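Please look at the sequence and the model together before reading on.

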Amino acid sequence: MAFEAPKPRLVNRSKVSSLADQATDLKSLRDVLVDASNVSIGLWVSYVLVLLYFCIAVSGITHRSLLLEEPVKLPFLNVDLPLVSFFVLGPMIFLMVHAYVLLHLLLLSGKVGKFHFQLQSQIADSETRAALRWQLPSNVFIQTLAGSGDVRKRFAGRLFRLITQISLIAAPVTLLVYFQIQFVPYHPSPLLSLWLRSAILIDIVLLWTIWPSITQGKIVYLRIHDVLNSFLVLRAAGRLLTSLATFAWIKPLNEPIRKHWRLFLRAARYGSVGLASLLSALVIAFSFAIATYPGEFLNRSLEPVPFVKWIRAAIFSGEPDEVTGHLSTWFSDRLIVTDQDLVHAEGRDRTLIRRSFRGRDLRSAILNRSDLTAADFTGANLAAAQLKGTSLEGAQFSCINTSTIANEEDNPGDEMIKRNTSPPDEPDDDMIEKNTSPSSYYSGYLANKLRYEVGCADLRRVDLTGAKLKTAKLAGAKLQRANLTVAQLQGADLRFANMRAANLFGTDLTGATLDDAKLEFARLFSADLRAASLDRAQFQGSDLSGVKFDGANLFRAAFQNSGLSSGSFAVSFRGSFLESAMFYHASGAPKAEQVDLQKLDFLTPAWGDWPPEMNRLKFRNWANRILEDVLEEVVDSEGFPSQFGPRTQEVVDALLEMGRYIGRHGIQKERRRSTLSIASTSPFEREAQVKFLIDLTCTGRSAPFIARAIPRSRWDITNTSESEALFDRLRQGRWQLSSCPGVDGFTGEDWSALERTADWSSSIRQIIKKNGKD
């Protein structure tokens with residue numbers, strides 16, 4: 001069907017004329033303002049309630065809530081919202097509400113502008129105009145924009161403007177900054193951090209776009225001279241801050257401060273636009289430069305700037321009071337949860353909840369004396385965290401990619417472990433021939449190392465003083481320069497753990513598994529490593545004074561250049577297995593009763609046994625790997641290390657001393673001799689060693705960790721005929737604890753593992769016996 005044009009209609013010109021007259025009629029304009037006022041006051045009250053609602057919700061989020069990722073319970077609604085979702089949706093919803101209120105006020109101010117213009121043009125008498133203005137609604141916005149002069153220019157008018165500016169300018173920006181500040185200790189992802197900062201920027205842009213038009217009653221835009229004034233104010237403020245940071249504490253140089261202060265005051269006279277620009281710049285600078293967390297890109301990039309570092313320290317970097325737990329600063333850039341039970345449900349049953357912190361960023365967190373029993377920290381970043389006295393028994397700090405860690409129950413051979421589960425300690429011959437430069441070999445090593453360490457828990461520089469870590473899983477964990485003083489690590493799994501330059505003063509590692517662990521230049525003074533499994537463990541350059549290795553498995557362990565002390569602080573190797581252990585250039589006179597000393601290695605240096613012409617290159621690569629792990633995080637403006645810390649300096653001095661005697665053609669002969677004096681007071685006898693191990697295993701003081709470890713790790717004993725006496729003694733303790741107190745605490749799983757080991761040992765002995773007959 002074809003479109004038909006509408007038929008022309010007669011227009012009532014009188015009605016059109018009357019309608020046009022209403023466009024300039026003061027009574028009609030006043031009625032419009034009254035109607036708009038009724039809507040605006042309701043909208044403003046709703047907006048203030050939303051503002052307060054979010055303030056209450058954000059204020060209710062504690063560090064405990066952030067650590068446990070507890071849902072946010074919305075006030076009044078009684079609805080649980082996931083933590084991250086709240087910090088995504090909250091700013092978004094508030095921005096929409098704030099933008100709608102501003103747009104509504106923009107329309108309202110346009111109506112006020114029309115009324116004001118017609119009032120000025122139609123009524124010449126000022127008293128009549130004032131009387132008409134008094135008849136307008138007592139709305140804070142109407143009175144601020146179109147109230148009488150007596151109201152607008154006196155105290156009431158200033159108060160109205162203050163309420164308007166606080167509720168619509170300062171409060172919303174402050175709330176969005178508060179969102180970011182409250183979420184900083186959580187260490188959000190870069191994308192989420194960008195969203196919180198973008199929300200602040202969006203709100204500031206909204207205010208700069210809409211607010212000038214609201215105040216003028218018509219659509220206005222920033223003029224060129226406003227932009228220039230803003231630039232002058234910002235430049236003067238920047239110079240003033242720079243002079244304060246540079247000359248504040250030098251009295252003869254205070255003149256630059258006074259000079260730039262006068263320039264700032266002169267620039268501030270250009271009007272409110274300049275001051276608004278300054279306040280906006282300060283908010284943005286605070287969001288992007290100050291409200292950051294350790295390890296974040298912006299935090300690292302701006303760390304060298306002096307006054308940024310001071311402001312951060314004054315606002316975010318306070319330490320909690322050890323008695324009250326209160327912070328010494330207003331806010332915190334890290335999680336602080338001390339003296340709290342985080343794993344037991346509330347109520348009478350106190351059910352244990354296994355908390356999961358997998359892959360979390362907990363750098364610099366302070367969790368002292370809290371209960372985190374059996375928590376899962378797989379792949380978490382706990383660098384520089386404080387967990388002094390924290391209960392972490394049975395906790396897991398291993399790697400996300402568990403295929404990199406050998407399964408000890410499979411009992412793989414040494415070659416399989418070396419090939420499939422350990423990082424490449426040494427290159428093959430072809431690699432050395434093709435890559436003769438240190439840089440090419442080192443880059444290949446780093447690539448393999450990164451593949452191995454992906455997803456492993458990061459505990460570098462963590463403070464675990466007195467922490468309870470019995471049976472904790474730390475396989476592959478990064479523990480460089482960690483403080484484990486008097487920590488309890490009995491039965492812990494530390495295979496492939498990197499503990500270079502760590503402090504293990506008085507640490508109890510009884511029955512722990514440290515196969516392939518890296519402990520170069522560590523401090524193990526008086527540490528207890530009895531019955532520990534230390535296959536291929538690296539102790540080069542470490543301080544081992546007073547360490548107890550009694551009954552430990554030290555097959556191919558590396559003690560080159562380590563200090564084993566003598567006298568009352570001598571290392572004890574009683575009953576240990578030292579086959580192929582390396583003692584090149586070690587010093588001291590350790591105790592070595594009931595030890596077979598026939599197969600010790602005194603010639604292989606710490607960096608490996610290579611042809612003489614390769615020693616310098618091999619030592620350099622080995623030393624670089626050590627320094628990479630112990631280097632202090634002190635950087636300059638370009639992000640490079642600017643100085644060595646005291647611990648790093650000690651390691652550097654020790655490496656320089658070791659490298660002094662590596663000549664062009666290998667190690668000087670007079671330096672190849674070890675100063676170690678290791679000898680047994682009596683000839684080695686297998687039966688006497690087994691008797692010592694049985695007595696050690698049945699010691700009740702360290703139950704059940706030694707009794708668990710000896711049958712599992714001492715395969716040199718379990719493969720011999722004397723092992724039956726060890727198994728029989730342990731079985732007796734099952735029925736009569738007094739005969740072997742060391743099995744106190746054995747579980748059904750422990751007894752099953754013992755029987756499996758005994759059966760395996762019996763099978764091996766039968767095979768050996770059969771082959772002997774053949």
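## The disulfides

A disulfide is a pair of cysteine sulfur atoms within 2.5 Å. In this predicted model, a search of the whole structure finds two such links. One of them joins Cys399 to Cys456, with a distance of 1.9 Å from S to S, and the angle about its S-S bond is 90°, so that this link is right-handed. The two partners come from distant parts of the chain, 57 residues apart: Cys399 lies in the loop between α14 (306-315) and α15 (414-420), whereas Cys456 lies in the loop between α17 (438-453) and β3 (587-588). Cys399 counts as buried because its relative accessibility is 2%, and Cys456 counts as buried because its value is 5%; the cut-off for buried is under 20%.

The other disulfide joins Cys698 to Cys740, with 2.1 Å from S to S, and with -90° about the S-S bond this link is left-handed. Here too the pair links distant parts of the chain, 42 residues apart, with Cys698 in the loop between α20 (686-697) and α21 (705-713) and Cys740 in the loop between α23 (723-735) and α24 (748-773). Both Cys698 and Cys740 are buried. When the bonded cysteines are numbered in sequence order, the pairing reads 1-2, 3-4. As for Cys55, this residue counts as partly exposed because its relative accessibility is 27%.

## The chain as a whole

The protein chain contains 24 helices and six strands, and of its 774 residues 47% count as buried. Among the contacts between residues at least 6 apart in sequence, 53% join residues that are at least 24 apart. The accessible surface of the chain comes to about 38900 Å², and 58% of this area belongs to carbon and sulfur atoms.

## The nonpolar interior

In soluble globular proteins, nonpolar side chains tend to be buried together. The largest nonpolar core of this model has 131 residues, and those with the most contacts inside it are Phe549 and Phe573. Helix α4 (residues 83-122) gives the most to this core, with 13 residues. Apart from it lies another core, of 20 residues, which includes Val690, Leu696, Phe727 and Trp751. If residues up to four places away in sequence are not counted, the residues that Phe549 touches include Leu529, Phe539, Phe559 and Phe573, and also Ser572 and Arg574.

Is Phe183 buried or exposed? Phe183 counts as buried because its relative accessibility is 0%, and its place is in helix α8 (residues 155-183). Leaving out residues up to four places away in sequence, Phe183 touches Leu66, Leu83, Val84, Phe87, Pro188, Leu192 and Leu196. Phe183 and Ser332 are 149 residues apart in sequence, while their C-alpha atoms are 9.8 Å apart in space.

## A nonpolar patch on the surface

Which residues form a nonpolar patch on the surface? They are Ile41, Val45, Leu49, Leu52 and Ile56, and together they have about 430 Å² of accessible area. Ile56 is found in helix α2 (residues 26-59), and this residue counts as partly exposed because its relative accessibility is 47%.

Key. Residues are numbered from 1 along each chain as its sequence is written. This is a predicted model: local features need pLDDT of at least 70, side-chain atom pairs count only at pLDDT 80 or more; totals for chains, interfaces and linings use all residues. Side-chain values use heavy atoms; hydrogens and water are left out. Helices (H or I, at least four residues) and strands (E, at least two) are DSSP runs, numbered from the N terminus. Buried means under 20% relative accessible area, exposed over 50%, partly exposed in between (1.4 Å probe, protein chains only). A nonpolar core is a set of buried Ala, Val, Leu, Ile, Met, Phe, Trp, Tyr and Cys residues joined through side-chain atoms within 4.5 Å. Contact means heavy atoms within 4.5 Å. Patches are made of residues with over 30% relative accessible area and no salt bridge: like charges are joined within 9 Å, nonpolar side chains (Val, Leu, Ile, Met, Phe, Trp, Tyr) within 5 Å. Accessible areas come from the Shrake-Rupley method with a 1.4 Å probe; for residues, only the protein chains shown count as cover. A salt bridge is a side-chain nitrogen of Lys or Arg within 4 Å of a carboxyl oxygen of Asp or Glu.
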